[in-house]
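Trainee: Can we go through this one together? I'd like to take it piece by piece.

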Amino acid sequence: MGNYTGSSEVLSTQGSIKYGLSDADFESENFASDNLTFGFGMDLGFTYQWHPNRENDSVPIYRDRYKLKVGVSVTDIGAINYKDAEVTTYNMNATVNTGSYDGDLEEFLDDNYNNSTEKKSTKIQLPTALRVLADYKISKKFFVSAQANLSLVKKNNELANSINNSVTIAPRLETKWFSFFTPISFREYNDVAIGGGFRLGPLYVGSGSVFSNLISDSSKTADIFAGLKIPIYRK
């Protein structure tokens, strides 16, 4: 915790900070194979399609419109191991002047706070998450989908990455050559994003936050995506 006084540029803090490096001498321009480490990761999942009124069994499933499709997966299962990682612990119980801060956080911490460094083997957990998707056909051209992305990593695990929890509801109009969709996302930390996009043939373009950015100046995200889908069918 801390308190900052802007008029005097004084920062008072309490607690501690741990700062870790997998390789203290790593430089991107001098990358070498001996900087590599090892780990294990995998994704598991399945999809299920419900066809309550399937009339022609000779039509392949992938060409037959489903009434409901459900997908469940667990992603990023595993961890990465680092041997001789460098971990520095900073004692933050101090009051410092921030006038000399030039944007280099590590240098600022080294210059203003007592610290100790040790090397040890460290295992960093991947951002394991549960992802659930349901897509329901309301009518011939109208669908609505709901997706939940939930972190399976404990919040107090400092040796792990994690995703932000979110739930997205996306109604869409879909035809053979054109689609339009408007995802509405409810995200962790009270963030709501409203987006939109379209598909024209195999090309799709959209944003998960375009409308919330247009109507609000307090939006916390901005993004855009595009893709080209080339299906490969077999008889």
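Trainee: Where is the place of Ser179?

Mentor: Ser179 lies in strand E11, residues 178-181. Strands here are DSSP runs of E with at least two residues, numbered from the N terminus. This is a predicted model, where local features need pLDDT of at least 70, side-chain atom pairs count only at pLDDT 80 or more, and totals for chains, interfaces and linings use all residues. Residues are numbered from 1 along each chain as its sequence is written, and side-chain values use heavy atoms, with hydrogens and water left out.

Trainee: Ser179, buried or exposed?

Mentor: Ser179 counts as buried, because its relative accessibility is 4% and buried means under 20% relative accessible area (exposed is over 50%, partly exposed in between; 1.4 Å probe, protein chains only).

Trainee: What does Ser179 touch?

Mentor: Leaving out residues up to four places away in sequence, Ser179 touches Leu173, Glu174, Gly197, Phe198 and Arg199. Contact means heavy atoms within 4.5 Å.

Trainee: And Phe142, which strand is that in?

Mentor: Phe142 is in strand E9, residues 142-151. Phe142 is partly exposed, at 45% relative accessible area. With residues up to four places away again not counted, Phe142 touches Tyr136, Lys137, Arg172 and Leu173.

Trainee: How many residues apart in sequence are Phe142 and Glu174?

Mentor: They are 32 residues apart in sequence, and 6.3 Å apart in space, C-alpha to C-alpha.

Trainee: New topic. In what order do the three strands of the open sheet run?

Mentor: The order is E1-E2-E6, with antiparallel pairing; two strands pair if DSSP finds at least two bridges between them. The edge strands, each pairing on one side only, are E1 (2-5) and E6 (94-97).

Trainee: How many bridges between E1 and E2?

Mentor: Four, E2 being residues 10-13. Tyr4 stands opposite Leu11 in E2.
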